[in-house]
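Good morning, and thank you for coming.

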Amino acid sequence: MRAVVCGAGIAGLALAGCLGRRGWDVVVLERAPRPREQGYMMDFFGPGWDAAEEMGVLPAVLELGYRVERLSYVDDRGRDRAGLPFARFAHALDGHLVSVMRPDLERVLREHARGVAELRYGRRVAGVRQRPGGAGAVLDDGTVLDADLVVGADGVHSAVRRSAFGPEERFRRWLGLHTAAFVVDDPEACRQVGDRFCLTDSIDRAMGFYGLRDGRLAVFAVHRAAAPSLPADPRGTLRAVHGSLGWIVPRVLAACPGGDRLYYDQVVQIELPRWSSGRVVLLGDSGQAVSLLGGQGASLGIAGAWLLAERLDRAGSVEEALTGWERVWRPVVAEKQLVARGGAQWFLPSSRARRQARRLALRLAALPGLDTVVTRGLVGRAGGDVRALAAAPA
């Protein structure tokens, strides 16, 4: 059996490794000329943890990950206005929590796919075409790669989805936010952040910071926007929107890189009535994006990929596997999307009253008996038991 996976992000690489180790002939097509270096620091937990354990990659993820000591909301002087020890979150998740940079997680998954899948960078997919018993990925030079299964794992702006299902606007739920992520070399700012995850305690806009081992600082930004369309000058927009925030924000924005070292995009969810059409299926953000508000995008990408590989390995046909996979996986994704939409005001308050409510909730989380309730409310349910879902009847 042959699979063409479009996209060498987290979901695509996870599936490539899983299918390749089950004897599939796998080709991964990625439009970027090389592995991406930009991306968020992510809190990795939920169903992806169990899937990573099943894949054998969890030890490598933990080795590259960071154990954050505290979530701190800070004012314009860097003073802690509200917060919570990260151990509280870990306790609510049975200790299954680690923070990891997206490029590091992708590196682990590339190593998992090495030798069992072929990765082709600098190859842009223009669309897909169906044929009886299979499908093909059409490249921008007209080349067609035929396979038994074509997987769209090419993100929220998926070319595979556009070709097989329709224009993005039909399936995109914009959440009213823009976001950005980048890394700066600033040992002094890194020292001030320390072992914390620091967020500005601000309204309608926020910046977050993680210190890295080499003295660099991982930065992300989020703000409310009037329209989903992206600005012509993302770096200029970040400086204009966030520049009046205090503490280390001005120096970080002054060092903000441009070009492909700055990630900038809409905050969206993707919702489709079906995730597959014939022998074409959507995986990860291309079909099940929960947005950064959900907190489990990477986890769901890995878990969804492992579960799909398991269903393909056990089912009598590709079509049966795709149907069974969607039946058991869709409720998990839908729940996380709902949690994300409901948590938008917590993540980015739109008023002083909502900000004060967040501070109060974090104080309550320090009280015995309420800590687990509050922290589980923040992270949502960890997700489905992927081992049970893999074994569920078709």
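Predicted model: local features only at pLDDT ≥ 70, side-chain atom pairs only at ≥ 80, totals over all residues.

Let me begin with the packing of helices. Two packed helices are described by the angle between their axes and by the distance that separates those axes. Our opening example is helix 1, residues 10-20, together with helix 11, residues 297-314. Their axes come within 8 Å and cross at roughly 30°. Angles under 35 degrees count as roughly parallel, and helix 1 and helix 11 are therefore described as roughly parallel to each other. The crossing of these two helices is right-handed.

Which residues make the contact between helix 1 and helix 11? From helix 1 they are Ile10, Ala11, Ala14, Leu15, Cys18 and Leu19. Helix 11 contributes Ala298, Gly301, Ile302, Ala305, Trp306, Leu308, Ala309 and Leu312. Sorted by class, this contact has 13 nonpolar residues, one polar residue and no charged residues.

Helix 11 also packs with helix 12, and here the angle is about 155°, with the axes 9 Å apart. Since angles over 145 degrees count as roughly antiparallel, helix 11 and helix 12 are therefore roughly antiparallel to each other. Helix 11 passes helix 12 in a crossing that is right-handed. On the side of helix 11, the residues that meet helix 12 include Leu300, Ala303, Gly304 and Leu307. On the side of helix 12, Val318, Ala321, Leu322 and Trp325 are among them. By class, the contact of helix 11 with helix 12 has twelve nonpolar, two polar and three charged residues.

I turn now to salt bridges. Side chains of opposite charge can pair when their charged atoms come close. How many salt bridges does a search of the whole structure find? The search finds 28, and I shall discuss a few of them.

Consider the pair formed by Glu310 and Arg22, whose side chains meet at 2.2 Å, N to O. This pair links distant parts of the chain, for Glu310 is in helix 11 and Arg22 is in the loop between helix 1 and strand 2, 288 residues apart. Is Glu310 buried or exposed? Glu310 has a relative accessibility of 10% and therefore counts as buried. Arg22, at 25%, counts as partly exposed.

Next, Glu319 forms a salt bridge with Arg279, and their closest N and O atoms are 2.6 Å apart. Glu319 is in helix 12, residues 318-342, while Arg279 is in the loop between strand 17 and strand 18, 40 residues apart. Glu319 counts as partly exposed because its relative accessibility is 36%. Arg279, by contrast, counts as buried at 12%.

A further salt bridge joins Arg131 and Asp146, with 3.7 Å between the closest N and O atoms. Arg131 lies in strand 8 and Asp146 in strand 10, so this pair ties together parts that are 15 residues apart in sequence. Both count as partly exposed, Arg131 at 33% relative accessibility and Asp146 at 32%.

Salt bridges may also join into a network, as they do for Glu30, Arg36, Arg102 and Glu106.

Ala16 is buried, because its relative accessible area is 0%. Which residues does Ala16 contact, once its neighbours within four places in sequence are left aside? They are Val26, Val28, Ala113, Val116 and Ala117. As for Ser351, this residue is 335 residues from Ala16 in sequence and 44 Å from Ala16 in space, C-alpha to C-alpha.

The other residue is Asp50, which lies in helix 2. Helix 2, residues 47-55, is mostly covered, with seven of its nine residues buried. Those buried residues are Pro47, Gly48, Trp49, Asp50, Ala51, Ala52 and Met55. Asp50 itself has a relative accessible area of 18%, and buried means under 20%, so Asp50 is buried. Beyond its neighbours within four places in sequence, Asp50 is in contact with Val386 and Arg387. Just after helix 2 comes Gly56, which takes a positive phi of about 85°.

To close, I would ask you to return to helix 11: this helix is roughly parallel to helix 1 and roughly antiparallel to helix 12. Thank you for your attention.

Methods: Residues numbered from 1 in each chain as written. Heavy atoms only, no water. Axes fitted to C-alpha atoms, helices over the stretch in contact; angles between N-to-C directions. Helix = DSSP H or I, 4+ residues; strand = E, 2+ residues; numbered from the N terminus. Parallel < 35°, antiparallel > 145°, perpendicular 65-115°, else oblique. Left-handed = near helix turned anticlockwise from the far one by under 90°. Contact = heavy atoms within 4.5 Å. Nonpolar A, V, L, I, M, F, W, Y, C, P; charged D, E, K, R; others polar. Salt bridge = Lys/Arg side-chain N within 4 Å of Asp/Glu carboxyl O. Buried < 20%, exposed > 50% of the residue type's maximum accessible area, 1.4 Å probe, protein only.
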